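Subject: Structure for your review

Hello,

I am passing on the structure we spoke about. My notes on it follow; please read them with the coordinates open.

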Amino acid sequence: TTSFIEEGWLRSFVEKQLGLYLVWAIRHEQAITSTNVIVNYIEETRSFPLLLQENEIANAEMMTTLVKMFGLKFKQLDFGIAKKIGLIDVIIAENAYAINSEMIKGLLQIKGIPIEEFGVRSYTLISNCGIDSIVSYVDSNFIKYLDELYISLEADQSDNIADIVKVLNRDDISDDDKVRFIEKQTQQGRIDDVARLKTDSALALAVKTSWILPSWNNVVKIWKRNEDNLDVFWAYVNNPSCYQVLSNRNSRGIKWAEDECWAKVFAEEKKLSDEAMSGLLAGMDKGIISSYSGRNATPSRIECLIRGRRIKFSKQLYVTLRKIGNGSHITLAALCIKDFCGEYEDGIIDKDETLQLLSVEALGRQHLPLVANTLKELVVDSEELTSDIAEKINIENFSEIDESVLDSALSFITPESLQCKVIQHIGGSAEEIRGRLRRMKEPYRKLGELGMRPHIQKWEGVDLFTDFLRSKGIVSSVSNRVDGTIQINTTQS
């Protein structure tokens with residue numbers, strides 16, 4: 001049998017018998033019960049229009065009867081012959097075609113629609129083809145279009161925003177299927193105005209999938225549209241692709257965004273990330289948020305607000321943040337250290353908080369003298385504080401630090417050369433200086449004893465230090481040794 005078919009003899013016979021049967025069926029408007037084989041053959045045989053032509057089933061009425069009788073959905077077709085016998089119009093009118101690339105492209109092309117961009121803009125070409133029945137048919141069977149045509153397209157799609165909006169606005173398509181559609185889009189453009197999205201669910205999905213163009217107008221519209229449930233709003237402005245753009249796009253002219261109360265909302269909202277808050281405030285003209293309450297404050301948020309010049313130090317704000325207990329008041333004090341020290345009073349900070357303050361990287365060593373001098377009574381009473389401050393004392397800042405702080409921190413200061421310079425800086429009587437020298441490690445400790453001859457390494461300024469000790473009657477003489485050290489002889493009395 002196979003060889004007969006290959007030779008064409010059996011195929012020719014079968015098609016002749018099928019033609020006779022179809023003529024009979026159309027005239028009697030009656031199909032035999034077992035038609036699956038016939039339907040499959042008709043739908044999948046590209047040359048079937050030729051069979052119609054040969055059996056004179058080539059008028060609209062007969063072809064319409066045939067299509068309806070068998071419920072045909074052509075999967076492939078010889079479009080040239082089909083057009084010649086008028087089958088194309090019947091197929092379109094009766095939706096008698098499968099929604100696949102070959103049939104849709106063929107029908108559009110035979111109707112004079114350019115299809116060069118079908119591989120990258122199939123839905124836009126269909127939606128704007130001007131053939132209402134095709135548009136309606138595809139939209140009514142959108143899931144079938146997704147499954148059997150759209151997903152099989154190899155290239156990412158660049159459909160018009162208007163057509164994407166049309167899909168998002170449909171309430172008869174699930175969010176999952178909408179996502180399947182928009183995930184394949186290149187997002188070369190985005191929805192410029194959220195007013196184009198007619199339902200809250202469409203807006204929420206567009207925000208979730210980053211399809212809303214970042215703009216202050218959209219910020220305002222999304223807020224006003226969802227004041228009772230702002231989750232969509234926070235999702236929109238928390239998206240880096242949104243706040244990063246808005247940070248460089250001034251809100252001037254947007255009255256809502258210029259109002260200080262909205263800057264306050266951004267500063268205090270727990271659902272807004274610190275990065276988003278900074279970005280949004282950077283794009284707003286309003287300066288200091290005078291009404292900032294500290295609600296939902298965190299150390300990182302306070303840092304963002306200070307660095308963005310949106311809040312400034314006040315004792316009231318400091319006290320408020322201190323009560324929150326998450327360390328945000330320490331960040332405020334560190335970043336506004338001059339203001340903090342200027343308004344300092346006893347009890348406003350304790351030992352542990354001072355340790356936290358000294359550990360804030362933004363404070364910097366240049367501000368150490370100011371902090372140490374302001375908090376000196378607290379510092380000198382705590383070995384933990386003095387040792388911490390001693391670690392930050394260096395050759396550039398020690399001379400600005402109160403002598404009482406230096407004296408209490410002396411044992412913890414390194415290196416020994418800096419300790420010596422601190423002792424020289426503090427000065428005092430010979431006995432006071434000897435007492436400080438005895439708090440140093442060997443061999444410097446011996447400099448505080450009578451009649452000792454310690455050997456020490458040379459360092460820059462050691463001559464000035466020994467001259468200072470000699471002037472105080474602590475050292476009698478100094479000599480260089482062959483090993484590169486110096487011998488310092490202390491006085492006998």
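This is a predicted model: local features need pLDDT of at least 70, side-chain atom pairs count only at pLDDT 80 or more; totals for chains, interfaces and linings use all residues.

By class, the residues around the largest pocket are six nonpolar, five polar and one charged. The lining is made up of Ile288, Ile289, Ser290, Tyr292, Ser293, Ile311, Lys312, Phe313, Ser314, Gln316, Leu317 and Thr320. The space in this pocket comes to about 190 Å³.

For context, most residues other than glycine have a negative phi. Asn296 sits in the loop between α20 (274-282) and α21 (299-307). Arg309 belongs to the loop that runs between α21 and α22 (315-324). How exposed is each of them? Asn296 is partly exposed, its relative accessible area being 30%. Arg309 counts as exposed because its relative accessible area is 68%, and the cut-off for exposed is over 50%.

Backbone, cis peptide bonds

Most peptide bonds are trans. Two bonds to check here are cis: the one from Thr414 to Pro415, with omega near -5 degrees, and the one joining Glu442 and Pro443, with omega about 5 degrees. Both prolines are in loops. For Pro415 the loop is the one between α29 (403-409) and α30 (416-426). For Pro443 it is the one between α31 (430-437) and β1 (455-456).

Whole chain

The secondary structure of the protein chain consists of 32 helices and three strands. What is the radius of gyration of the protein chain, and what would a compact globule of 493 residues have? The chain has 43 Å, whereas such a globule would have a value near 23 Å. Along the principal axes, the C-alpha trace spans about 140 × 60 × 35 Å.

Of the 493 residues, 46% count as buried. The accessible surface of the chain is about 24500 Å², and carbon and sulfur atoms account for 47% of that area. As for contacts between residues at least 6 apart in sequence, 63% join residues that are at least 24 apart.

Regards

Key: Residues are numbered from 1 along each chain as its sequence is written. Side-chain values use heavy atoms; hydrogens and water are left out. On a 1 Å grid over the protein atoms alone, a cavity is a set of points where a 1.4 Å probe fits but cannot get out, and a pocket is an open set with protein on both sides within 12 Å along at least five of seven lines; lining residues have an atom within 4 Å of a point. Grid points are joined across faces, edges and corners, and a volume is the space filled by probe spheres set on the points. Ala, Val, Leu, Ile, Met, Phe, Trp, Tyr, Cys and Pro count as nonpolar, Asp, Glu, Lys and Arg as charged, and the others, Gly among them, as polar. Helices (H or I, at least four residues) and strands (E, at least two) are DSSP runs, numbered from the N terminus. The radius of gyration is taken over C-alpha atoms; the globule rule is 2.2 Å times the number of residues to the power 0.38. Buried means under 20% relative accessible area, exposed over 50%, partly exposed in between (1.4 Å probe, protein chains only). Contact means heavy atoms within 4.5 Å. Accessible areas come from the Shrake-Rupley method with a 1.4 Å probe; for residues, only the protein chains shown count as cover.
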